[in-house]
Amino acid sequence: METVCSVIIGSGLIAGKKHIPAFRKLRSKTELVAICDLNLAAAKEVADRFGIPRTYSDVGEMLNTEKPDLVDICTPPQTHTRLALEAMRHGCHVLVEKPMALTVADCDQIVQASEEYGLQVCVGHSDLFYEPFIKARRMVANGAIGRVSGMRIFLSTPTDYMTSRPEHWAHKLPGGVIGETGPHIVYMTLAFIPHIRNVSVDALKVMNNYPWSSFEDYRINLIGDDAISSATVVYTTDQWSAKVEVLGDKGFLMLDLESMNVLRYRRTELKPGPVGLSLLRESAQLAGALVSNSIRVATRRVRSTHEAIISQFADSILAGSEPPVSAEEGREAVRVLNMVVDNIESKFATKTA
């Protein structure tokens, strides 16, 4: 079987926790042959830990020597455009972590290079590949809840993941840590509400012992042509949470991305009988999901989102088909995220002027 020769740029948390383990599970279709990092010692430590054959501190040297099919970019967003363009100049397809770039103009450079060189670019919108999210998209497409009329998203990232770490690269992004987490709420929204024309944001600074953090509590509305997605993004607890509700005119879907549950909710009347039947239906859905999903999650038989996206991208490279997340999708997510950041910064400037 033909395999995709791959290299990775960046040896930080996302590479070691998500991307490299996914490559290791996909050795039948893609071979990870090298890793590059400006900190060569860090690259060697990761290479030794995961059995990656070769290490580099210079991207050009790695690309000239290894001649890979696929370059996986796992570096801070400020570097994505430069590295993606260099990879494509060397004839490589590109997988780039979210956000695709910092500006729409940078995204346009990547899109143009992809078209010019005839190479694929895939953006790491990983939450789209959670099983409940895939199931929800299929259910909506099949009319399970009628016309989508709105969304609600709740994401909680523990304080010690980014907020309490002054050296974390996310604090240097436009808008701070929301520049790291914000892409998730944007691209999940775009999956169901395809055009966002306006945004409104409220942000609160509540953790004064972390002065390098701009805000730790966000309420974000992404306003489409005929639906609104309302997102709560918090960094104030020690808890992880990722929950999504898709609201339709004929019912709701409630997703817990981490526990792998999808609940279809319908309650058209508040009389005791219909409410009781609704509770029975919801309980039956939850009972069946909890039994199967708890075993799968506990025994690690759930495919990671990064494994899914890398697997599908490798398939698309081999088949010459469309990537699972296109560069154009990445560009649109950056456009909307920049609207969010601009809204935050304009309000903050007004308050401090």
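Colleague: Why are strand β7 (residues 148–156) and strand β11 (residues 241–248) called a pair?

Modeller: Two strands pair if DSSP finds at least two bridges between them. Eight bridges join β7 to β11, so the pair meets that definition. The two strands run antiparallel, and Ile-153 has Val-244 in β11 as its bridge partner. This is a predicted model, where local features need pLDDT of at least 70 and side-chain atom pairs count only at pLDDT 80 or more, while totals for chains, interfaces and linings use all residues. Residues are numbered from 1 along each chain as its sequence is written, and side-chain values use heavy atoms, with hydrogens and water left out.

Colleague: What makes β8 and β13 edge strands?

Modeller: Strands (E, at least two residues) and helices (H or I, at least four) are DSSP runs, numbered from the N terminus. Seven of these strands form an open sheet with mixed pairing, in the order β8-β9-β10-β7-β11-β12-β13. β8 (196–204) and β13 (261–265) each have a single partner strand, so one side of each lacks a neighbour in the sheet.

Colleague: Which strands does helix α7 (residues 178–190) touch?

Modeller: Helix α7 packs on the sheet and touches β7, β8, β9 (217–224), β10 (228–234) and β11. Touching here is contact, meaning heavy atoms within 4.5 Å.

Colleague: Why is α1 called oblique to α9?

Modeller: The axes of α1 (residues 13–25) and α9 (residues 305–319) cross at roughly 55° and come within 8 Å. Axes are lines fitted to C-alpha atoms, for helices over the stretch in contact, and angles run from 0 to 180 degrees between N-to-C directions. Angles under 35 degrees count as roughly parallel, over 145 as roughly antiparallel, 65 to 115 as roughly perpendicular, and the rest as oblique. The angle of roughly 55° falls in the rest, so α1 is oblique to α9. Residues making the contact include Ile-14 and Phe-23 of α1 and Ile-310 of α9.

Colleague: Why is Cys-5 called buried?

Modeller: Buried means under 20% relative accessible area, exposed over 50%, and partly exposed in between (1.4 Å probe, protein chains only). Cys-5 has 19%, so Cys-5 is buried. Cys-36, with 2%, is buried too.
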